[in-house]
Amino acid sequence: MSLYLFSTLILSVIFLLVFNSWWTDGAPFTTHLTGLLIVSCVLFTLLLMTALAPILARQNMGRMQARMRSLNWEHEVSSRLSSPAAVVENHTVVFANQAFLNELGMAGMSDQIVGMPLTNVIYPGDHQLLASQLASIDTPAQEDSTLRLLCLDGTVLPSKLSLSPMGHGTTHQRLLLQFSLILSGPATGVRFNEQFNYHLLINRLEDVVFELHRANRLSFLNPSWETLLDYSIEESLGKSLIDFIHPEDKPLAIARLDSIARGKRLRCNEQIRLIKRNGEPCWVNIRARSSAMAENEGASVLGTLTDITEARQVEASLRSNRHSLSSLINNVPCMIYRRKADQGLNFEFVSDGCLTLTGYGAHELISSPVLSFKKLLHPDDRLVWETAREQLVQQHALQAVYRLYSRNGSYQWVLEHGNGIYASTGELLAVEGFITAIGHDHANTAQTFMQLQQQLEH
């Protein structure tokens with residue numbers, strides 16, 4: 001009503017100003033009478049607004065206080081619920097508790113969800129089901145409906161949703177919305193005996209069995225967790241698994257687990273480090289998968305943690321031993337090799353001593369098709385080496401003296417000693433041994449080396 005009075009006053013003043021611009025002393029009597037009526041209307045409106053303003057203010061204040069008392073009571077009820085809950089008025093969210101915000105991935109964003117239509121957090125395919133549930137809100141025997149909620153990141157959460165009236169006699173009925181997540185669908189395949197003690201089986205496993213809810217919070221752990229990290233289960237539940245992961249491995253773990261929770265990835269299998277209570281790291285193999293039953297459905301993450309610290313230490317020790325062995329082989333002043341038993345006698349492995357002996361690097365002798373071992377032999381010594389190779393075929397050790405070509409275009413005399421690698425049928429598969437330099441191809445030494453060559457041949 002105050003709005004109507006104020007509008008009447010404004011229009012009267014405007015009309016008075018316009019009429020005053022037309023009024024003159026020689027105007028007819030009717031004009032003077034009209035002006036008098038307008039002035040009287042303005043004065044009457046002012047007096048009426050002055051008289052009614054306190055009454056209207058008290059009425060508005062009473063309605064506002066009643067509304068605030070009602071809303072505060074409803075907010076108090078919904079905020080104290082541990083389950084996700086919200087107050088809905090006229091299909092609009094007017095309040096949401098912290099559990100509701102956490103499940104939808106909107107923690108700390110209550111100002112954005114308040115005033116939002118309820119349909120914005122419901123999967124579009126379930127809008128019709130929501131409308132039917134709202135239409136039958138007063139039905140006494142109404143059951144919870146299975147609806148899909150939309151999270152901030154676009155994932156879908158299947159849940160049991162219930163709507164209950166709050167208060168009576170209001171113009172716009174307010175409803176209390178509550179939901180509980182459906183973390184997995186009905187089991188399929190082999191059915192377990194109901195009397196089977198699978199809890200005992202899980203508790204006896206050496207691997208850690210875990211379950212993660214939203215924000216990677218731990219919701220289940222078996223006793224192996226205490227054995228692995230020395231943290232009790234009670235103090236660990238509710239915390240994020242990321243808090244126990246080594247800082248260098250956190251980005252990888254977050255990327256994998258978040259993608260599984262959002263339905264973007266089905267499973268993961270990674271090796272990461274956890275931090276024990278005493279600060280020491282331990283390596284684990286984390287295997288995780290989603291409990292979702294449909295694509296792009298947000299759900300909990302189930303998985304296991306297997307302690308592989310000892311295996312990683314053995315692996316590191318082996319790497320160190322291989323490095324030491326490789327360093328030892330490469331520092332020996334000769335070429336240690338493994339060679340195929342094919343026509344080209346190609347190398348599978350050569351040590352760094354090949355660079356001093358031939359002038360070619362190991363990668364050149366292994367990968368280059370034009371640098372087969374036969375092409376490095378002196379033409380006059382190929383028959384000698386073939387004779388020595390026959391000793392390998394007969395499962396004797398290889399000993400030969402011959403000339404080997406170098407990158408600089410010269411030949412030098414070398415001594416080779418090798419042994420064959422044979423199949424179970426006696427077939428020659430490969431040759432392993434070493435080649436060492438014994439002199440350059442000079443006229444004064446050639447005769448001596450040829451005599452040694454003949455003696456080894458016989």
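Mentor: The following account takes the salt bridges in turn and then turns to one hairpin.

The model is a predicted one, and its structure holds 11 salt bridges. Among them is the pair formed by the side chains of D126 and R148, with a distance of 3.0 Å from N to O. This pair links distant parts of the chain. D126 is found in the loop between α4 (110-113) and α5 (127-135), whereas R148 belongs to strand β3 (residues 145-150), and the two residues are 22 positions apart. Their surroundings may be described separately. D126 has a relative accessibility of 8% and therefore counts as buried, the limit being under 20%. R148, with a relative accessible area of 33%, is partly exposed.

A second salt bridge lies within a helix. R319 pairs with E315, and their closest N and O atoms are 3.1 Å apart. Both residues are in helix α10 (residues 309-331); because they are 4 residues apart there, about one helical turn separates them. R319 counts as partly exposed at 41% relative accessibility, and E315 also counts as partly exposed, at 37%.

The partners are E432 and R338, whose closest N and O atoms lie 2.3 Å apart. E432 is part of strand β15 (residues 428-440) and R338 is part of strand β11 (residues 335-340), so this pair ties together parts that are 94 residues apart in sequence. E432 is partly exposed, its relative accessible area being 34%. For R338 the corresponding value is 27%, which places this residue in the partly exposed class as well.

Salt bridges also occur as a network, in which E248, D249 and R273 are linked.

The strand β8 (residues 267-275) deserves a word of its own. Strand β8 runs antiparallel to strand β9 (residues 281-290), and 9 bridges join the two. Within this pairing, L274 stands opposite C282 of β9. The hairpin made by β8 and β9 has 5 residues between its strands, and in this hairpin G279 adopts a positive phi near 90 degrees.

To return to the request, the pairs described in detail are D126 with R148, R319 with E315, and E432 with R338. The R319 and E315 pair is set within helix α10, while the D126 and R148 pair links a loop to strand β3, and the E432 and R338 pair ties strand β15 to strand β11.

Methods
Residues numbered from 1 in each chain as written. Predicted model: local features only at pLDDT ≥ 70, side-chain atom pairs only at ≥ 80, totals over all residues. Heavy atoms only, no water. Pairing = 2+ DSSP bridges. Salt bridge = Lys/Arg side-chain N within 4 Å of Asp/Glu carboxyl O. Buried < 20%, exposed > 50% of the residue type's maximum accessible area, 1.4 Å probe, protein only.
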